[in-house]
Amino acid sequence: MLDIYLRAGHPDDATFIVELLNQATFLEHIGNKNINTPAQAEHYIQQNFVNSHQQFGFGSYIVCLSDGTPVGMVGLFQRDALAIPDLGFALLAKYEGKGITTSAAKLLLAKKHVLDFGILTAITSQTNIGSQKVLQKLGFEYIGDVIINEDNQPLKLLLKSKL
């Protein structure tokens with residue numbers, strides 16, 4: 001398994017974010033965020049990394065290899081349709097299957113501000129078996145399907161208590 005760490009996102013991550021959010025697996029399982037240029041990515045970073053931490057006390061982090069290479073993102077999201085923050089993550093496809101996502105999520109779940117929640121949710125597309133397996137490893141339990149997006153596609157809703 002590779003050594004990783006989490007760090008804050010910053011505007012220099014724009015090119016990486018464009019790549020991550022436009023890879024086939026992200027588009028298939030998470031959706032098209034319409035982030036196609038570095039300028040759009042900088043705005044996304046400001047909203048989901050910087051502003052979210054300021055507004056809610058939590059948000060996204062960049063997942064990096066020990067040499068500083070960004071390979072993914074992990075974070076907590078406050079969605080209008082869910083009362084409890086949800087865990088979300090994405091990884092560059094070439095790094096999948098190496099335990100990085102599980103390790104990154106464990107690093108996030110160990111942070112004091114996350115432990116203080118006591119309970120978290122997670123959502124995945126019906127077909128995202130890889131993410132469902134990661135969430136099960138982390139102790140999330142499937143509790144039902146929800147529709148929270150404009151596409152009206154059901155998503156699997158998972159819950160983790162006793163953080």
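This is a predicted model: local features need pLDDT of at least 70, side-chain atom pairs count only at pLDDT 80 or more; totals for chains, interfaces and linings use all residues.
Me: What does Ile84 touch, not counting residues up to four places away in sequence, and how far is Ile84 from Leu159 in space?

Reply: With those neighbours left out, Ile84 touches Gln78, Ile119, Leu120 and Thr121. Ile84 and Leu159, which are 75 residues apart in sequence, are 9.5 Å apart in space, C-alpha to C-alpha.

Me: How do you know whether Ser125 is buried or exposed?

Reply: Ser125, which is found in strand 5 (residues 119-125), has a relative accessible area of 10%; because the cut-off for buried is under 20%, Ser125 is buried.

Me: What makes the pairing of the side chains of Ser125 and His29 a polar contact?

Reply: The side chains of Ser125 and His29 are joined at 3.2 Å, and because a polar contact requires a pair of N or O atoms within 3.5 Å, one able to donate a hydrogen and the other to accept it, the pair is counted as a polar contact. Not counting residues up to four places away in sequence, Ser125 touches His29, Gln132 and Leu155.

Me: Why is Thr124 given its burial label, and which side chain does the side chain of Thr124 join in a polar contact?

Reply: Thr124, also found in strand 5, counts as buried because its relative accessibility is 5%, where buried means under 20%. Its side chain is joined to that of Gln132 by a polar contact of 3.4 Å, a value that stands within the 3.5 Å limit. Beyond four places in sequence, Thr124 touches Ser131, Gln132, Leu135, Leu155, Lys156 and Leu158.

Me: Why is helix 1 described as largely enclosed by the rest of the structure?

Reply: Six of the eight residues of helix 1 (residues 14-21) are buried, so helix 1 is largely enclosed. The buried residues are Ala14, Phe16, Ile17, Val18, Leu20 and Leu21, and they pack against helix 2 (24-29), helix 3 (38-56), strand 2 (60-65), strand 3 (70-77) and strand 4 (86-91).

Me: Which residues have the most contacts inside the largest nonpolar core?

Reply: That core has 44 residues, and those with the most contacts inside it are Ile17, Met73, Val74 and Leu87. Helix 1 gives the most to this core, with six residues. Leaving aside neighbours within four places in sequence, Ile17 is in contact with Ile35, Ala41, Tyr44, Ile45, Phe49, Ile62 and Met73. A second, separate core of five residues includes Leu82, Ile123, Leu155 and Leu157.

Me: How do you know that helix 4 is largely enclosed?

Reply: Eight of the ten residues of helix 4 are buried, so the helix is largely enclosed by the rest of the structure; the buried residues are Ile100, Thr101, Thr102, Ser103, Ala104, Ala105, Leu108 and Leu109.

Me: What makes the largest cavity count under the rule of 30 Å³ or more, and which residues line the largest cavity?

Reply: The largest cavity has a volume of about 40 Å³, and the count of cavities of 30 Å³ or more comes to one. Its lining consists of Val63, Gly72, Met73, Val74, Phe89, Ala90, Leu91, Ile100, Thr101 and Ala104. Strand 3, strand 4 and helix 4 (100-109) are the elements that give two or more residues to this lining, which divides into eight nonpolar, two polar and no charged residues.

Me: What is the volume of the largest pocket, and how do the residues of its lining divide?

Reply: The largest pocket has a volume of about 1400 Å³ and is lined by 50 residues, of which His29, Ile30, Arg79, Phe89 and Ile123 lie nearest its centre. The lining divides into 19 nonpolar, 22 polar and nine charged residues.

Me: What makes the phi of Asn34 worth a remark?

Reply: Most residues other than glycine have a negative phi. Asn34, found in the loop between helix 2 and helix 3, has a positive phi of about 55° although it is not a glycine. At 49% relative accessibility, Asn34 counts as partly exposed, because exposed requires over 50%.

Methods
Residues are numbered from 1 along each chain as its sequence is written. Side-chain values use heavy atoms; hydrogens and water are left out. Helices (H or I, at least four residues) and strands (E, at least two) are DSSP runs, numbered from the N terminus. Buried means under 20% relative accessible area, exposed over 50%, partly exposed in between (1.4 Å probe, protein chains only). Contact means heavy atoms within 4.5 Å. A nonpolar core is a set of buried Ala, Val, Leu, Ile, Met, Phe, Trp, Tyr and Cys residues joined through side-chain atoms within 4.5 Å. On a 1 Å grid over the protein atoms alone, a cavity is a set of points where a 1.4 Å probe fits but cannot get out, and a pocket is an open set with protein on both sides within 12 Å along at least five of seven lines; lining residues have an atom within 4 Å of a point. Grid points are joined across faces, edges and corners, and a volume is the space filled by probe spheres set on the points. Ala, Val, Leu, Ile, Met, Phe, Trp, Tyr, Cys and Pro count as nonpolar, Asp, Glu, Lys and Arg as charged, and the others, Gly among them, as polar.
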